[in-house]
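I am opening a page for a structure I have not looked at before. My entries go from the surface to the inside and then to the backbone.

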Amino acid sequence: MSIVTFWNNSREQSGKILTAVGGATRMSIECNYRILLISTSLKDPTLKNCFWGNEVKRNLKIFGGKMNNIAVENGIEGLSKLITANKLTPTSITDYTKVIFKNRLEVLNGYSGIKGASRESNEMEYKKICANYVELIKMANLYYDMVLVDLDKDIPEEVMHEILEISNLNVLVFSQKKESLDEYIALRDNNAEVNSPKTLPVVGKYMNKSKYNLKNIMKYIDERKELNIISFNMLYFEAAEEADVTDLFLRLKNVKDTSDENYIFMQDVLKLMDKIIKRLQELQMKKRWKNDTN
């Protein structure tokens with residue numbers, strides 16, 4: 001059982017959420033894992049738009065998936081109340097999630113806010129909920145094979161650091177813009193954790209025709225190991241706004257033309273999925289070896 005957190009240290013649009021969604025979707029299709037994808041956002045509809053949009057009672061029949069009885073819009077609020085009351089159990093989490101693929105992928109949306117409430121009131125409530133994310137993630141890790149966390153930039157700094165600390169692997173997503181590359185270099189050079197095997201750097205929304213293509217990026221940031229990328233894909237971008245991500249992935253996985261941009265995109269996601277699983281295995285083996293030698 002592993003916790004993987006997708007994050008960045010910037011407000012620049014890096015494609016972090018769609019990288020997490022793509023990895024979770026491909027992993028749930030290819031692997032026999034029970035996966036929970038958690039959003040820690042405040043009033044961000046991106047994750048919802050990827051999978052179910054405004055259709056609260058939409059029934060996803062793929063792999064037998066179906067909507068839970070509890071409204072997923074309020075899932076994180078209900079779980080937060082259970083944590084506050086010390087009543088949360090690992091198996092109760094699934095009652096508050098959106099089932100995408102039965103026994104494969106579930107999604108816990110971020111805090112959607114109270115309708116009609118002021119911005120200040122929603123921000124105060126969000127901070128209360130954020131205080132419970134660490135306990136929720138730890139508890140989820142006792143039930144799910146893989147807990148994937150989309151770490152929002154607005155989450156309180158102390159909670160952010162604690163989530164990164166308890167995670168088995170942190171996927172640091174940045175863009176190929178020079179400013180984003182400079183921020184990554186500064187972060188890597190001043191944070192030993194970022195420069196460790198526990199952190200997996202990924203370039204999101206990648207465009208090969210940019211001046212900063214993969215070869216030049218690796219030279220610019222002085223990276224000698226292969227760097228993972230997730231190519232920008234228009235079909236994926238549109239599907240993420242139309243609750244069509246799962247259907248798209250099931251269609252595109254059958255594309256065989258290696259020159260097709262959709263094939264390239266799906267291979268990027270597959271490579272990232274494989275790298276995440278392999279890195280987790282390596283880190284677990286290293287931990288066991290360290291424990292055995294002590």
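**Surface entry**

I looked up Phe237 and found a relative accessibility of 36%, so I put it down as partly exposed. I note that the model is a predicted one. I placed Phe237 in helix α9, which covers residues 234-239. I then found Phe237 in a nonpolar surface patch, which it makes with Met207, Phe232 and Met234. I wrote down about 360 Å² for that patch.

**Cavity entry**

I searched for cavities of 30 Å³ or more and found 1. For the largest cavity I noted a space of about 90 Å³. I counted 12 residues in its lining, and those closest to its centre are Asn8, Asn9, Phe174, Ser180 and Glu183. I recorded α7 as giving the most, with 4 residues. I sorted the lining of the largest cavity by class and got 5 nonpolar, 5 polar and 2 charged residues.

**Backbone entry**

I located Lys43 in the loop that runs between β2 (35-39) and α2 (46-51). Its relative accessible area is 51%, and exposed means over 50%, so I listed Lys43 as exposed.

I also noted Asn86, which is not a glycine and has a positive phi near 60°. I found Asn86 in the loop between α3 (75-84) and β3 (98-101). I listed Asn86 as exposed because its relative accessibility is 72%.

Notes:
Residues are numbered from 1 along each chain as its sequence is written. This is a predicted model: local features need pLDDT of at least 70, side-chain atom pairs count only at pLDDT 80 or more; totals for chains, interfaces and linings use all residues. Side-chain values use heavy atoms; hydrogens and water are left out. Patches are made of residues with over 30% relative accessible area and no salt bridge: like charges are joined within 9 Å, nonpolar side chains (Val, Leu, Ile, Met, Phe, Trp, Tyr) within 5 Å. Accessible areas come from the Shrake-Rupley method with a 1.4 Å probe; for residues, only the protein chains shown count as cover. A salt bridge is a side-chain nitrogen of Lys or Arg within 4 Å of a carboxyl oxygen of Asp or Glu. Helices (H or I, at least four residues) and strands (E, at least two) are DSSP runs, numbered from the N terminus. Buried means under 20% relative accessible area, exposed over 50%, partly exposed in between (1.4 Å probe, protein chains only). On a 1 Å grid over the protein atoms alone, a cavity is a set of points where a 1.4 Å probe fits but cannot get out, and a pocket is an open set with protein on both sides within 12 Å along at least five of seven lines; lining residues have an atom within 4 Å of a point. Grid points are joined across faces, edges and corners, and a volume is the space filled by probe spheres set on the points. Ala, Val, Leu, Ile, Met, Phe, Trp, Tyr, Cys and Pro count as nonpolar, Asp, Glu, Lys and Arg as charged, and the others, Gly among them, as polar.
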